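Welcome, and thank you for looking at this one with us.

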Amino acid sequence: MITLGKDEIAKYPFLADAGQYLKDKGFSLQQFGTDPDLKLSVDKAFNRVLASAEGKIYKSDLIDGEASKDYVLEREVFSFLLAIVLLKLTGMVTLIKRFALAEARRAEKYLEKDLANIADESKKELAIRIIDDLFSIQIKKQNEYFIIPVSNYLTHAVNFHEREWKLINRHVENGFVFLTSHETVRLIRKELGNYINSKINNAKTPNMISGFEEPVKKLIILSKKFVTHPVVVGEYPPCIKHAIEVLEKGENLPHSGRFMLATFLLARNQTVQQIAPLFKNAPDYNEKVTLYQLNHLAGTSGSGTQYSCPSCEKLKTQNLCFAIPECNNIFNPLQFGKKGK
Amino acid sequence: MQEKEIKFLEDSFKKYYFNHFDLIHVTERTSEREFGFQKFNSGMSRHLSIKDDKDLHLLLMQNIPSDVYCSNAYYSFPNLSMKEKDWKEADLIFDIDSKDLHLPCRNNHSISKCNECNHISNLCIKCVKCNSSKLETKSLPCKNCIDASKIEVKKLTTILTEDFGIEKNNIHIYFSGNEGFHVYAYDSQFQQLGSRERSELVDYLMFKGIIPETFGMKKIKPNRLFFPDFDDKGWRGRFSREIFGSKSKRSKIISDLISSGYYNFQKNQR
């Protein structure tokens with residue numbers, strides 16, 4: 001475990017042991033609900049959650065990651081811990097997710113600053129250690145760049161869909177990817193969010209505390225705004241249309257294409273019996289083999305694993321993607337035509 | 001195949017295996033890999049684990065397979081079902097096949113075989129005899145194809161060593177037995193990567209998914225000054241050396257890239 005200084009806890013409060021922190025400071029949760037001075041922190045916590053729900057980053061009282069007075073620092077940490085208590089009491093998953101992401105972005109700013117800190121070597125070291133401890137990325141400094149092993153880079157970068165994160169658009173040399181401090185930290189945003197998210201999910205839900213009812217009620221009302229209803233449109237995406245056309249013409253569709261088509265249709269609740277005839281025109285059609293393979297993909301035979309439809313990214317690699325403007329912002333053919341209402 | 005033919009093949013293979021034990025060896029970390037084999041005219045047997053050369057030779061003698069397979073993945077329990085194997089890691093293996101190079105010589109050593117009427121003809125889209133489109137292409141290797149594959153192998157190993165930092169002596173190259181080569185990279189930092197990450201490596205090797213800006217092509221005010229330096233590492237330098245280095249078409253390629261490179265690249269990468 002990394003030992004943190006006072007101002008570090010304020011910058012990275014998710015690294016602290018919440019219960020222990022309050023105990024060390026000599027406070028109980030109940031006091032925050034009743035004591036008018038401490039109640040300020042609950043208000044701050046409420047605003048911290050509110051900001052995150054609106055996609056904003058909570059405006060901190062810290063200046064350049066440091067506080068002029070100790071109590072400012074404490075209030076900063078309290079508001080984070082109390083925000084978690086509020087979120088647990090509301091029990092709304094969407095709010096927790098938004099909060100975790102916003103907090104990740106807040107911490108990201110400090111991490112970036114610490115990484116690039118030339119004046120204070122210890123700050124840079126701490127940032128490097130946090131990233132290594134939490135996400136197993138070994139960062140080294142080389143001239144003005146931060147270099148990380150290609151394999152490390154890929155495990156994180158595959159979660160991004162913007163092309164700038166593709167390895168081909170990166171400076172790659174001798175097994176390392178070269179990044180700026182901003183990019184290094186950006187690389188772990190999602191995981192940082194997930195880390196904070198899981199920390200909140202694993203925290204114990206306290207019983208309702210007197211004085212917390214009002215903000216909790218407000219947050220529950222707020223979270224209802226974020227529920228979406230997906231609408232399914234019957235149209236097939238171009239990759240699936242293309243695969244069907246190829247088969248209809250009696251041309252050969254590669255194994256990967258057949259896999260895509262079958263898993264797609266299975267996911268759209270078509271039965272093996274409905275799908276099998278599609279392959280009839282394939283040059284190497286064999287009814288028995290086709291049924292066997294389809295049942296295998298559906299998970300009705302073999303290991304029982306149901307195979308899922310490959311992502312757009314994978315299909316691009318396999319030359320099976322024929323994207324049209326309607327494909328924008330989807331990551332899997334199954335999302336085609338599904339819109340939030 | 002007729003029973004008589006199978007018997008003949010099995011006898012010949014058995015003899016061959018028996019006389020060549022000194023050439024037939026298992027790969028490294030054998031006991032962590034899954035083996036499988038196929039007999040003439042019958043299905044696949046898999047989920048086998050093999051300890052050493054002797055084990056393999058015994059399998060060959062007892063089963064006289066037409067093909068033997070070995071996983072590139074390492075498992076805790078290679079002989080259990082897929083779910084229970086417990087995947088540990090996998091070597092990187094690349095298959096370079098001259099079929100994919102679409103060389104002009106291919107027409108000279110390929111034929112089409114109709115799956116409906118078994119008619120054999122020069123390469124065609126529909127059977128000239130029965131008009132069926134269910135055709136299979138069969139081809140033989142040729143020197144030109146093999147030479148072209150060798151160039152691709154060299155390109156690949158350059159990127160593997162220079163860009164990915166894989167040690168040269170951890171890269172092994174084998175003739176595939178058909179029309180190309182298999183390139184194995186052992187013991188690299190990539191052993192534990194999953195399939196999504198491996199697809200990214202492939203896109204990198206294939207120069208896929210680029211943003212025109214990465215290579216100095218701009219939407220507004222394009223200029224040759226923005227192209228990467230020759231000695232830039234990785235694809236940037238490779239790109240510049242290629243476009244500025246090809247003497248005959250140099251000026252045409254460069255002016256094309258300056259005038260319409262941005263849009264062409266963007267279009268082709270979608």
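A salt bridge here is a side-chain nitrogen of Lys or Arg within 4 Å of a carboxyl oxygen of Asp or Glu. By this rule, there are 29 salt bridges over all chains.

This is a predicted model, in which local features need pLDDT of at least 70 and side-chain atom pairs count only at pLDDT 80 or more, while totals for chains, interfaces and linings use all residues. Side-chain values use heavy atoms, without hydrogens and water; residues are numbered from 1 along each chain as its sequence is written, and chains are lettered from A and ligands numbered from 1 in the order in which they are written.

The predictor's confidence in each residue is its pLDDT, from 0 to 100. Chain A averages 85, and 92% of its residues score at least 70. Over residues 229-233 of chain A, however, pLDDT stays under 50.

Here are some of the salt bridges:

| Pair | Closest N and O atoms |
|---|---|
| Lys166(A) and Asp203(B) | 2.8 Å |
| Glu76(A) and Arg106(A) | 2.8 Å |
| Glu34(B) and Lys85(B) | 3.7 Å |

Glu76(A) and Arg106(A) are both buried, where buried means under 20% relative accessible area, exposed over 50%, and partly exposed in between (1.4 Å probe, protein chains only).

Next come the cores. A nonpolar core is a set of buried Ala, Val, Leu, Ile, Met, Phe, Trp, Tyr and Cys residues joined through side-chain atoms within 4.5 Å. The largest has 100 residues, and Tyr153(A), Leu167(A) and Phe164(B) have the most contacts inside it. Contact means heavy atoms within 4.5 Å. Beyond its neighbours within four places in sequence, Leu167(A) touches residues of both chains, including Val150(A), Val177(A), Leu201(B) and Tyr204(B).

Where do the chains meet? Contacts link 32 residues of chain A with 35 residues of chain B. About 2,800 Å² is buried between the two chains, 53% of it on carbon and sulfur atoms; buried area is the accessible area (1.4 Å probe) that two parts lose on being put together, summed over both. In chain A, Arg163(A), Ile168(A) and Thr317(A) lose the most area to chain B, together 24% of what that side buries. Two salt bridges are counted between chain A and chain B.
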